[in-house]
Amino acid sequence: MAKLLITGGAGYVGAVCARAARQAGHDVVVFDSLAGGHREAVSGELVVGDLRDRPALDAVLARGFDAVLHFAARMSVGESNEDPVGYFDVNVGGTLTLLEVMRAHGCKVLVFSSTCAIYGRPARVPLDEDLPHAPISPYGETKAVVERILALARPANDMRVTCLRYFNAAGAASDGSLGESHFPETHLIPLALEAAATGRPMTVFGTEHPTPDGTCVRDYVHVEDLADAHLRALDRMLAGHPGGAWNLGTAHGASVFEVMDTIERVTGHRVARTLGPARDGDPPMLVANASRAYADLGWRATRNLETVIRDAWGWYQSPRYGKR
Ligand code: UFG
């Protein structure tokens with residue numbers, strides 16, 4: 001079993017992965033600034049620190065780790081349009097510091113949280129890994145730049161690197177103990193659950209997209225399925241494989257209306273909605289071709305949209321939901 005440093009392990013996907021890694025028998029230390037993460041999401045050791053704080057990172061990595069799972073990042077597309085420099089500072093600058101410190105301490109295995117946002121408006125759907133990188137937001141740019149840096153650093157620093165490109169991370173731990181709490185919340189599923197719980201309407205961003213019902217189609221992948229993919233990618237590199245890049249999605253698209261309908265069915269509450277204009281920069285359809293992850297990692301998403309929503313609803317109702 002490996003000794004793992006998990007940056008961003010107090011955040012949404014990171015915390016679920018950190019727990020899965022612990023349950024798989026790994027020895028886990030979480031490094032998180034708590035800028036977006038939550039202390040109570042970490043059950044083991046938490047070192048509070050910022051990626052850009054080299055001495056802090058140095059002190060942790062000096063303890064010796066077999067691998068780093070790197071989740072820490074700013075992750076809102078809309079916010080990245082307002083603050084591109086801040087996004088590059090954390091997502092790219094922070095990763096550069098991490099790579100330098102890993103090199104200094106001889107840590108050579110990295111799993112990086114990437115995103116389908118690196119493909120921008122893809123020329124074909126479903127999206128495979130061979131599509132060109134053409135991000136349309138500063139957020140997507142930061143992830144594409146890091147992937148490029150990693151491609152160069154991998155041979156130069158003698159590293160093994162895996163980039164996992166998530167589609168729409170969704171759902172929560174099945175026991176309702178971990179899930180997403182963003183401030184402000186911008187994601188469809190938590191906002192629609194809020195609408196179901198409160199009766200207050202939410203806005204549908206665009207009903208005239210070139211999709212079957214006119215609303216955007218996305219591929220919602222359960223966060224516990226994402227955790228499983230990370231452990232598979234990690235094990236493969238620890239066994240000597242150089243790594244790679246894989247799309248992680250269910251290969252099934254759901255429209256905004258379909259998500260709302262499923263929420264109504266699962267919760268038994270109506271999701272009141274206002275029909276609004278399209279949100280800037282929203283591609284109409286993003287659905288993964290995840291066949292390569294299956295072929296190479298033996299990974300496929302095992303939880304469907306209904307399970308995503310049932311677990312997200314369990315989390316929404318837990319006393320920990322919405323705590324800063
Ligand atoms: N939507 C609404 N109303 C809302 C919020 C969202 O109609 O109030 C729609 C959006 O237009 C979109 C869909 O619901 O079509 C999903 O929106 P989210 O904000 O939940 O997720 P995105 O697809 O915009 O973003 C996700 C990740 C990003 C990642 C991006 C890739 O959150 O990190 O996918 O495009 F970069």
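This is a predicted model: local features need pLDDT of at least 70, side-chain atom pairs count only at pLDDT 80 or more; totals for chains, interfaces and linings use all residues.
Which element gives the largest share of the shell around the ligand?

**Entry 1: the ligand's shell**

I looked up the shell, and the answer is S8: 4 residues come from this strand, the largest share. S8 covers residues 202-205, and helix H6 (188-198) is also among the elements that supply at least two shell residues each. I then checked who sits around the ligand: there are 22 residues, and the nearest are Leu 188, Thr 203, Arg 218, Arg 279 and Asp 282. Sorting the shell by class, I got 14 nonpolar, 5 polar and 3 charged residues.

Asp 282 has a polar side-chain atom 2.5 Å from one of the ligand's oxygens. For His 187, I found a side-chain N or O atom 2.8 Å from a ligand oxygen. Leu 188 does it with its backbone instead: an N or O atom there lies 2.8 Å from an oxygen of the ligand. How much of the ligand does the protein bury? On its own the ligand exposes 680 Å², and the protein buries 91% of that.

**Entry 2: the sheet**

I moved on to the strands. A quick reminder to myself: strands in a sheet pair through backbone hydrogen bonds, and the pairing can be parallel or antiparallel. Parallel or antiparallel here? I traced an open sheet of 7 strands, in the order S3-S2-S1-S4-S5-S6-S11, and the pairing is parallel. At the edges I have strand S3 (45-48) and strand S11 (243-248), each pairing on one side only. Ignoring direction, neighbouring strands here are turned by 20 degrees against each other on average.

I zoomed in on one pair. Strand S4 (residues 67-70) runs parallel to strand S5 (residues 109-115), and 3 bridges join them. In that pair, I spotted Leu 69 opposite Val 111 of S5. Then I asked what helix H7 (residues 223-238) touches. H7 packs on the sheet and touches strand S1 (3-7), S4, S5, strand S6 (160-166) and S11. I also noted that the direction of H7 makes about 165 degrees with that of S6.

Val 125 and Pro 126 are joined by one, with omega about 0 degrees. I placed Pro 126 in the loop between S5 and helix H5 (138-156). Another cis bond runs from Phe 183 to Pro 184, where omega is near -5 degrees. Pro 184 belongs to the loop between strand S7 (168-170) and H6.

Which residue has a positive phi although it is not a glycine? I found Asp 158, with phi at about 55 degrees. Asp 158 sits in the loop between H5 and S6.

Conventions: Residues are numbered from 1 along each chain as its sequence is written. Side-chain values use heavy atoms; hydrogens and water are left out. A residue is near a molecule or strand if one of its heavy atoms lies within 4 Å of it. A polar contact is a pair of N or O atoms within 3.5 Å; within protein, one must be able to donate a hydrogen and the other to accept it, and residues adjacent in sequence count only if both atoms are side-chain atoms. Accessible areas come from the Shrake-Rupley method with a 1.4 Å probe; for residues, only the protein chains shown count as cover. Ala, Val, Leu, Ile, Met, Phe, Trp, Tyr, Cys and Pro count as nonpolar, Asp, Glu, Lys and Arg as charged, and the others, Gly among them, as polar. Two strands pair if DSSP finds at least two bridges between them. Axes are lines fitted to C-alpha atoms, for helices over the stretch in contact, and angles run from 0 to 180 degrees between N-to-C directions. Contact means heavy atoms within 4.5 Å.
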